[in-house]
Amino acid sequence: MSKSVREEARPADPQAVGLADPAPLGLAGFAMTTVLLSILNAGLIEEPAAILPVLGLAAFYGGLAQFIAGLFEYRRGNTFGATVFVSYGAFWLTYWWLVPRVATVDAHNGLGLFLLAWGIFTAYMAVAALRTSLAVFAVLALLTVTYVLLAVGEFQGGLGPHVITRIGGWFGIATGLVAWYASAAAVINASHRRTLLPTWPR
């Protein structure tokens, strides 16, 4: 076998192959799951079984797909992207596991603490996002407010969604829509190889 044939048969060096940007996938998984859950939190749909599609998305799209996107960000050397997507992928997987177990018990204070902790994490990630783009910063800034409002709503307790929880739901809808825009901008701009949807990079 000649040298040239042996070289052609050798597997491609993964370092030499360009990796696709995983951020649009991570943002899309986050956006869709956030919008659907936030619609429920805002009280726009109140049927009990409406949580089932959210749990499905939380497990596979907001959770698993976003977690994988974060691992690819690690592969690309993007500390910010890896931390964001792995963390929120883990959040949605935790949500998928948690909801069926707290549905029949009083865990308002525990859930409030859980959401507040995520609000703290999101706040410092928003500070880090000041060095990325305005679109990503807006997602994390809105999400910080969403977590804090949802935490306050849980601390208030009571039957049914608290008014603060409903307000948090509206902020969550806004968060998801901005994340969808950021995802769409990344895909469309990359596909057309020019900026059609600006994200205002810093």
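What share of the contacts in the protein chain with a separation of 6 or more comes from residues 24 or more positions apart? Such residues account for 69% of those contacts, where contact means heavy atoms within 4.5 Å.

Some ground rules come before the stops. This is a predicted model, in which local features need pLDDT of at least 70, side-chain atom pairs count only at pLDDT 80 or more, and totals for chains, interfaces and linings use all residues. Residues are numbered from 1 along each chain as its sequence is written, and side-chain values use heavy atoms, with hydrogens and water left out.

**Stop 1: the whole chain**

Show the chain as a cartoon. It has seven helices and zero strands. The pattern along the sequence reads α-α-α-α-α-α-α. Helices (H or I, at least four residues) and strands (E, at least two) are DSSP runs, numbered from the N terminus. Now colour by accessibility. Of the 202 residues, 40% count as buried. Buried means under 20% relative accessible area, exposed over 50%, and partly exposed in between (1.4 Å probe, protein chains only).

**Stop 2: the core**

Select Phe30, Tyr88, Trp92, Tyr95, Leu140 and Tyr147. These have the most contacts inside the largest nonpolar core, a set of 33 residues. A nonpolar core is a set of buried Ala, Val, Leu, Ile, Met, Phe, Trp, Tyr and Cys residues joined through side-chain atoms within 4.5 Å. Helices H2 (23-41), H3 (51-75), H4 (79-102), H5 (108-129), H6 (134-156) and H7 (163-192) each give two or more residues to this core. H4 supplies the largest share, eight residues.

Stay on Tyr147. Leaving aside residues up to four places away in sequence, Tyr147 touches Tyr88, Phe91, Leu115, Trp118, Gly119 and Thr122.

**Stop 3: H2 against H3**

Select H2 and H3. Their axes are 8 Å apart and the packing angle is about 155°. H2 is therefore roughly antiparallel to H3. Axes are lines fitted to C-alpha atoms, for helices over the stretch in contact, and angles run from 0 to 180 degrees between N-to-C directions. Angles under 35 degrees count as roughly parallel, over 145 as roughly antiparallel, 65 to 115 as roughly perpendicular and the rest as oblique. The H2 and H3 crossing is left-handed: the near helix is turned anticlockwise from the far one by less than a right angle, while clockwise would be right-handed. Show the side chains where they meet. Residues on the H2 side include Gly26, Phe30, Thr33 and Leu37, and those on the H3 side include Val54, Ala58, Gly62 and Ala65.

**Stop 4: Thr33**

Zoom in on Thr33, in H2. Is Thr33 buried or exposed? Thr33 is buried, with a relative accessible area of 0%. Its side chain has a polar atom 2.8 Å from the backbone oxygen of Gly29. The Thr33 side chain also reaches the backbone nitrogen of Gly62 at 3.4 Å. Beyond four places in sequence, Thr33 touches Val54, Leu57, Ala58, Tyr61, Gly62 and Trp92.

**Stop 5: Thr175**

Move to Thr175, in H7. Thr175 counts as buried at 0% relative accessibility.

**Stop 6: H5 against H6**

Finish with H5 and H6. Their axes come within 8 Å and cross at roughly 160°. The two helices are therefore roughly antiparallel. The crossing of H5 and H6 is left-handed.

Key
A polar contact is a pair of N or O atoms within 3.5 Å; within protein, one must be able to donate a hydrogen and the other to accept it, and residues adjacent in sequence count only if both atoms are side-chain atoms.
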